[in-house]
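Me: I would like to go through this model in questions and answers. Please start with the surface.

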Amino acid sequence: MPRFRDTSVRGKLILINLLTTTIALVLAGGSFIAYQQFSYRREMAHDLGVLSQIIAFESASALSFDDPSSAEHSLMSLSAQPNIIAACIYDRSGKVFAKYVRTGATPSWPRLQPAGRYFRSGSFEVFHPIVLDQEETGTIYLQSDLTEMRARTLRYVEMGGFVLLVTALIAFLIASRLQRLISGPISQLAATVGIVSMDKNYNIRAVKQGDDELGRLIDGFNEMLSQIQARDADLQRARDELEKRVEERTQSLTLEVERRETLHRQLLEVSRQAGMAEVATGVLHNVGNVLNSVNVSANIVVEEVRRSKMDYLSKIGAMLKEHRADLPAFLTEDPKGSQIPDYLPNLAADLVAEQKTIAEELDRLQKNIDHIKEIVSMQQSYAKIFGVAESVAISELVEDALRMNAGALARHEVRVIRDYRDNPTMTVEKHKVLQILVNLIRNAKYACDESHSSEKQIILRVTAETDLVRIAVIDNGVGIPPENLTRIFALGFTTRKDGHGFGLHSGALAAKELGGSLAVHSDGPGQGASFTIELPLKKEFPP
Amino acid sequence: MTRIIPRILAMGLATLFLGWPDLSLAQADITREQALKAAFLYNFTKFVEWPPERFPDPQSPIVIALFKEGPVKAELERITQGRKVGGRPIAVKLVQSAAQAASAHILFIGNDEEGLLSKDQIENLHRAGVLTVGANQDFAALGWLITFVLEGDKMRFQINLYAAEHANLKISAQLLKLATTATNKR
C-alpha cells in the first residue's frame, strides 16, 4: 500500500474528506449510542423502581397475613413485562416468601441484599423494601435481562453503520467532484512543471483558474519561468561575449608573449653587448694605465741613455789611443792619465749600474707591453670565445676584473683587500663571470665613493665548498635600505642618477644562466653591502 | 464483667427473635393458631380505617378488646407493645359487656365464646363502629364482620362487607383481596 504522503493530491483530498466524514459520523453515532445506552439504563432503573413499588404495595398485605399465593398473584402481573425474567419477595427474615419466573427462564436466586439497583454482567437487579406503616416487612427483588437493551443497541449500530456507508458514499461522490477544484490546477501545474523540466522549454506557461493560493502559486511559477528565461538569455549572451572576449584575450596574449620573447632576446643581446662594453671599457682603462707606465719606462730609458757615461769611456779610449806610446808614463805621470786606472773601475761600476737600470726599465717595459698584449688578447678572448667554457682559476678571474677597474679604484683611493681563502679552478664561461664581477666591483667603488668615507675599501673574498664557489664583493659604502633589497635585481631599478638599472639585473641573469645565483646583503644605509656570487663547481679538466 | 456480656447477648437475641411480631411461636404455651390470630388482629389495624369521630384526639389509641384473658391476649399485648399504627398506639383491653366493648375499635371473641353476644348486640356494636372479629367460621353466620377460617394449616379470614358498611369502616382493597369470601349479607 503506497504511503499517504506519496498518494496524489486528488487521492489525498478524497481520503481526507472521507476520513473527516467518517470520524464525525462515528463520533456522533458513538456518542448517540452511548447516550442511548445510558438513558436506557436510567429508564430501566426508573421503570423497575416503579414496578417494585407497585408490587410492594400490592403484596404488603399478603406478607402481613402470610398469604404467599396472593403475593405470587401480585407478582404474576410482571408477566406483562417481558424483560423481567425473575422476581421474588423476601420476608422479614430473608426467606423467599413468593416468587415469579418468566416461562423458560432459569434464574439464580441471590441472597437478600440491601435495597438498591445492581447492574450485573447480563442483568439488572433491583432490591426494594416493602414498607407497611413505616415498618419494613419484607423486600421485593426484580431481575431484568438486558437483551432488549442489547437488541436496541445493535439496531442503533446497524443503523449507524448503514448511515455511515451511505454518507461515506455521498461524501466520496461529492469529494470526487469537488476535489477537482483544488487538484485540477495542481495536476495541471505538475504537468507543466514536468514538461518544463523534461524539455527545458521555458516558453510554456501554466494556466491560472482562480485567484486563490493556487492561482498565486501558478502566477509565481509563471513569473519564475519568465525570470529563468530572461536569465538564460542573459547567460547565453554573457557566454557568447565571454567566448569572444577569451578569444580576443588569447590573441592579444599570444601577441604579448611573442613580443616579450622578442624583447627578451633583444635584452639578452643588449646585456651581452653591455657586458662586452663593460669589459672593453676596462680593457681600455688598463691599456691606458699600462701605456702610462710604458711611457714612463721609455722616458727613463731615454733619459738614462741620454746621460749615459758611455762618452767617458770613449774619451778614455781616445786618450789611451793618443798616448799609446807612452802609455805607462801617461798612466803614471800624466795628471790626467794617472787618474784613469782609478777612474775606469768607477766608470765601469757606473756603467754597470746604468745598464742595470736600463735593463730593469726595459724589463718593466717589456712586462708592460706583455701586459698590454695580455689585456688585448684577453679582450680578444672574451670577445671571441663567447659561450665557450674554459678552465680557469677563480682568483685569475677576480684579478682580471680588478685590473679592468684598477684605474678607477686607484683614482678614488679605494683599498682593495684580496681574501682568497680558496682558489679552485673551474670550468666556466669566463666572460660572464668577469662581466658580473666587473659590474659588482664598479658598483662597490661607486658605493664607497658616495659614502665620502676616508677608509674606502673593497674586500674580495673567494671561498669554496665541495661543489660550489662563492665570490663575495664586500664594500663599506653607503649600504642599501631594506626596502630596496628585494627589488635591487629588478630591471630598471637604480639609485644612481646616471644608472640605467641594468647591471645587477643582467648580473643576476648571468649568474642564473651559469647555474648559480647572485645574492645581496646589507645591514642598512651606511652599513656597506655585500654581493655574493655562487657558482657550481664543475668537474675540473686536467691541465 | 464476664457474666454481663452473655446476658446482653442473650437479651439481644431474645429481642431479635421474640420482640418482633412475627409468625413464629413466641411462647411454649401458645398454639400456632392463637399466635396467628393475635398477629392478624394487629395487622387488621393497618388495613382498616375507622371514622375519625371514633378517636377523641390524634394520639388516642386503637383499642382491641377481648372478653377473656388467654394466650391470644397475652400474645397481642406482646406484639403491640410500643408499636404505633397510623401514629396511634394500640391498647389491649379486657371487657365484660357489649356496652363496654362498644368503646373499643376491634372486638375479638374466642372459639368458645360465640354465645356471649346476641346478633342484635353485634349489630349494635357495628353501629358503634366496632370491627368485630370472630375466632372461627361459626361466627360468620352470626353476622360478625371478620371471621377467621382455617384452610388446611393456613389461617384465612372472611369479611362481611354489609357489616363493614354498617360499621362505617373503610376496609382496604389489599385486605379484601386476601379474604376467602367477602359476603354482603346481613
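Me: Is I182(A) buried, partly exposed or exposed?
Reply: The model is predicted: local features need pLDDT of at least 70, side-chain atom pairs count only at pLDDT 80 or more, and totals for chains, interfaces and linings use all residues; side-chain values use heavy atoms, without hydrogens and water. Residues are numbered from 1 along each chain as its sequence is written, with chains lettered from A and ligands numbered from 1 in the order in which they are written. Buried means under 20% relative accessible area, exposed over 50%, and partly exposed in between (1.4 Å probe, protein chains only). The relative accessibility of I182(A) is 39%, so I182(A) counts as partly exposed.

Me: Which helix gives the most to the nonpolar patch?
Reply: A patch takes residues with over 30% relative accessible area and no salt bridge, joining like charges within 9 Å and nonpolar side chains (Val, Leu, Ile, Met, Phe, Trp, Tyr) within 5 Å. The nonpolar patch on the surface includes V9(A), F162(A) and I182(A), and has about 1000 Å² of accessible area together, by the Shrake-Rupley method with a 1.4 Å probe, only the protein chains shown counting as cover for residues. Helices (H or I, at least four residues) and strands (E, at least two) are DSSP runs, numbered from the N terminus. With 10 residues, the contributor that gives the most is helix 3 (residues 147-199) of chain A.

Me: What separates E148(A) and R152(A) in helix 3 of chain A?
Reply: These side chains form a salt bridge, with the closest N and O atoms 3.7 Å apart; the term means a side-chain nitrogen of Lys or Arg within 4 Å of a carboxyl oxygen of Asp or Glu. E148(A) is partly exposed at 38% relative accessible area. Because E148(A) and R152(A) are 4 residues apart in helix 3 of chain A, their separation is about one helical turn.

Me: In the salt bridge of E304(A) and R307(A), how far apart are N and O?
Reply: E304(A) counts as buried at 11% relative accessibility. R307(A), at 53%, counts as exposed. Their side chains meet with an N to O distance of 3.4 Å.
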